[in-house]
Amino acid sequence: MLLADGETVARYHAHVLRRGPDECWWWTGGLTDTAHGTFRAVSLPGRTRRGTVPAHLFGYRLANGPDSLPPGLVVRHTCDEPPCQNPAHWLAGTRGDNNRDAASRRRLAGHALADVRGAVGRARAVQAAIAAARPEDLDAAIAAALAAGNPSGAHQDALF
Ligand SMILES: [Zn+2]
C-alpha cells in the first residue's frame with residue numbers, strides 16, 4: 001500500500017509548502033495543464049512506468065484514508081486553487097458540483113478563477129515566488145504573485 005510507504009509519504013510532504021490552517025498549502029512539484037500537482041507515487045526500479053497521480057488525490061487519501069473517496073466523486077478545492085494541498089480546503093463532490101461552483105465564482109473580481117494568466121500561469125507564478133522569496137518574505141511574495149493576475153481588481157468582471 002503506497003500510502004503506508006513512509007518514503008513516498010515523506011516525498012509527498014517535501015513538495016507541500018505548509019502554512020497556516022486556513023491558508024493554501026502550495027504544491028512545489030510538477031503541475032498538470034490544469035494546474036493540479038503531479039506526484040510520482042510509484043517507483044519501480046527498472047521500469048519505465050512513471051506512476052504519477054494527481055497530488056491532491058494522493059493527499060486526500062493520505063488525510064482521510066485510502067477508501068475515503070467513493071467511486072464517481074472528485075476532490076474539489078473550496079479555495080479554487082488547483083495546486084493547493086491543505087486538507088481543510090478539500091471536499092469530495094461530483095463533477096457537476098465542481099462545474100456549477102466554478103461557473104458561479106469565476107466572475108468574482110480578484111478571484112482565483114478570474115486570473116488573467118489562467119490556472120497554470122497563476123500556479124507557476126506562485127511557485128516562482130516561493131522559490132525566490134526569503135523565508136521572512138514568503139507570505140508577502142505569495143500575496144503579490146496572486147494579486148498580479150488580477151491587475152484591474154474590482155473592474156475585472158468587465159472582461160467577461
Ligand atoms: Zn487552498
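A residue counts as buried when its relative accessible area is under 20%. By that cut-off, Cys-84 is buried in this predicted model, because its relative accessible area is 0%. His-89 is buried as well, because its relative accessibility is 10%.

Cys-84 supplies its SG atom and His-89 its ND1 atom to the zinc ion. The other protein donors are the SG atoms of Cys-24 and Cys-79. These donors lie 2.1 to 2.4 Å from the metal. Along the chain, they follow the spacing C-x54-C-x4-C-x4-H.

The site of the zinc ion is tetrahedral. Angles among its four donor atoms run from 103 to 115°. For four tetrahedral donors, the ideal angle at a metal is 109.5 degrees.

The pockets were examined next. The largest pocket has a volume of about 600 Å³. Its lining comprises 27 residues. Nearest the centre of the pocket lie Thr-34, His-36, His-77, Pro-82 and Asn-98.

Several elements contribute to this lining. Helix H2 (55-64), strand E5 (74-77), helix H3 (95-105) and helix H4 (118-132) each supply at least two residues. H3 gives the most, with six residues. By residue class, the lining of the largest pocket divides into eleven nonpolar, seven polar and nine charged residues.

Key:
Residues are numbered from 1 along each chain as its sequence is written. This is a predicted model: local features need pLDDT of at least 70, side-chain atom pairs count only at pLDDT 80 or more; totals for chains, interfaces and linings use all residues. Side-chain values use heavy atoms; hydrogens and water are left out. Donors are N, O and S atoms within 2.8 Å of the metal (3.2 Å for Na, K and Ca); water is not among the atoms, so sites may look incomplete. Four donors count as tetrahedral if all angles lie between 85 and 135 degrees; four count as square planar and six as octahedral if opposite donors are over 155 degrees apart and all others between 65 and 115; anything else is irregular. Buried means under 20% relative accessible area, exposed over 50%, partly exposed in between (1.4 Å probe, protein chains only). On a 1 Å grid over the protein atoms alone, a cavity is a set of points where a 1.4 Å probe fits but cannot get out, and a pocket is an open set with protein on both sides within 12 Å along at least five of seven lines; lining residues have an atom within 4 Å of a point. Grid points are joined across faces, edges and corners, and a volume is the space filled by probe spheres set on the points. Helices (H or I, at least four residues) and strands (E, at least two) are DSSP runs, numbered from the N terminus. Ala, Val, Leu, Ile, Met, Phe, Trp, Tyr, Cys and Pro count as nonpolar, Asp, Glu, Lys and Arg as charged, and the others, Gly among them, as polar.
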